[in-house]
Amino acid sequence: LYLAPKMGVAGLAFAFSISSIVNFVLLWISLHFNLGDLDEPRVIVSVIKFSAAAVVAGLVVQGMEIIILPFIDMDRFWGVLTQGFVSGIFGLSTYFFICYLMGSEELDDFWQSFKRKLPKVRPKDKVSSIDNDRLT
C-alpha cells in the first residue's frame, strides 16, 4: 500500500519481493526452532551462488533486448515474441553456465535427475547380432 502509489506497478513488484523475503526468513526461523540445525552455512553459500547467477543472467537478458531491438519490429506480436524468446534462451544459458562454473550442487542434482528420466540407450549386443547372422 505504501510503495504502489509512489512507484506504480514496480512498487507492487518490489513490495511483493520484500514480503516474500520476510516470509521466507520467518518460515526459516520457525523451521530452525522446530528441527534444529539446518546446515545454514551451506544453504547461504548455495543461495549466494544461484543469486549471483540470476543477476548475471538478468543483465544478459537486458543486454540481449537492447542488441535485438534494432532488428525487429516491437510493435508486432512476433517481434515481441522473438525478443523474449532469444533473450530468454541467452539468459537461461548464462544462468546454467554460471551455476556450472561455480559448482552449484543444485545444478548437479538437477542434471542427475534429468539424466535418470532419459530413456536408456543400449548398444546392440554383439552376441545377439552374431547369432542373427548365423540364422540368415
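Residues are numbered from 1 along each chain as its sequence is written, and side-chain values use heavy atoms, with hydrogens and water left out. Because the model is predicted, local features need pLDDT of at least 70 and side-chain atom pairs count only at pLDDT 80 or more, while totals for chains, interfaces and linings use all residues.

**Exercise 1. The chain**

Task: State how many helices and strands there are in the chain, and what pattern the chain follows along the sequence.

Solution. Step 1: Helices (H or I, at least four residues) and strands (E, at least two) are DSSP runs, numbered from the N terminus. Step 2: The chain has six helices and zero strands. Step 3: Along the sequence, this gives the pattern α-α-α-α-α-α. Step 4: Of the 136 residues in the chain, 14% are buried, where buried means under 20% relative accessible area, exposed over 50%, and partly exposed in between (1.4 Å probe, protein chains only).

**Exercise 2. A serine in helix H4**

Task: Determine whether Ser-87 is buried or exposed, and which backbone oxygen its side chain reaches.

Solution. Step 1: Ser-87 lies in helix H4, and Gln-83 is also found in helix H4. Step 2: Ser-87 has a relative accessible area of 1%, so it is buried. Gln-83, at 10% relative accessibility, therefore counts as buried. Step 3: The side chain of Ser-87 reaches the backbone oxygen of Gln-83 at 2.9 Å. Step 4: Contact means heavy atoms within 4.5 Å. Leaving aside neighbours within four places in sequence, Ser-87 is in contact with Val-61, Met-64, Glu-65 and Ile-68. On the same terms, Gln-83 is in contact with Glu-65, Ile-68, Leu-69, Ile-72 and Met-74.

**Exercise 3. Aromatic pairs**

Task: Classify the aromatic pair of Tyr-95 and Phe-96 and that of Phe-110 and Phe-114.

Solution. Step 1: Rings of Phe, Tyr and Trp (its six-membered ring) pair if their centres lie within 6.5 Å; planes under 30 degrees apart count as stacked, over 60 as edge-to-face and the rest as tilted. Step 2: The structure holds six aromatic pairs. One of them joins Tyr-95 and Phe-96, at 5.9 Å centre to centre with 70 degrees between the planes, and is edge-to-face. Tyr-95 is partly exposed at 24% relative accessibility, and Phe-96 is partly exposed at 35%. Step 3: Phe-110 and Phe-114 lie 6.3 Å apart, centre to centre, with 20 degrees between the planes, and are stacked. These two residues are four apart in helix H5 (residues 105–117), so about one helical turn separates them. Step 4: Tyr-95, Phe-96, Phe-110, Trp-111 and Phe-114 form one aromatic cluster.

**Exercise 4. The largest pocket**

Task: Identify which residues line the largest pocket and which helix gives the most to the lining.

Solution. Step 1: On a 1 Å grid over the protein atoms alone, a pocket is an open set of points where a 1.4 Å probe fits, with protein on both sides within 12 Å along at least five of seven lines; lining residues have an atom within 4 Å of a point. Step 2: The lining consists of Phe-96, Tyr-100, Gly-103, Ser-104, Leu-107, Asp-108, Phe-110 and Trp-111. Step 3: Helices H4 (77–101) and H5 each give two or more residues to this lining, and H5 gives the most, with four residues.

Key: A polar contact is a pair of N or O atoms within 3.5 Å; within protein, one must be able to donate a hydrogen and the other to accept it, and residues adjacent in sequence count only if both atoms are side-chain atoms.
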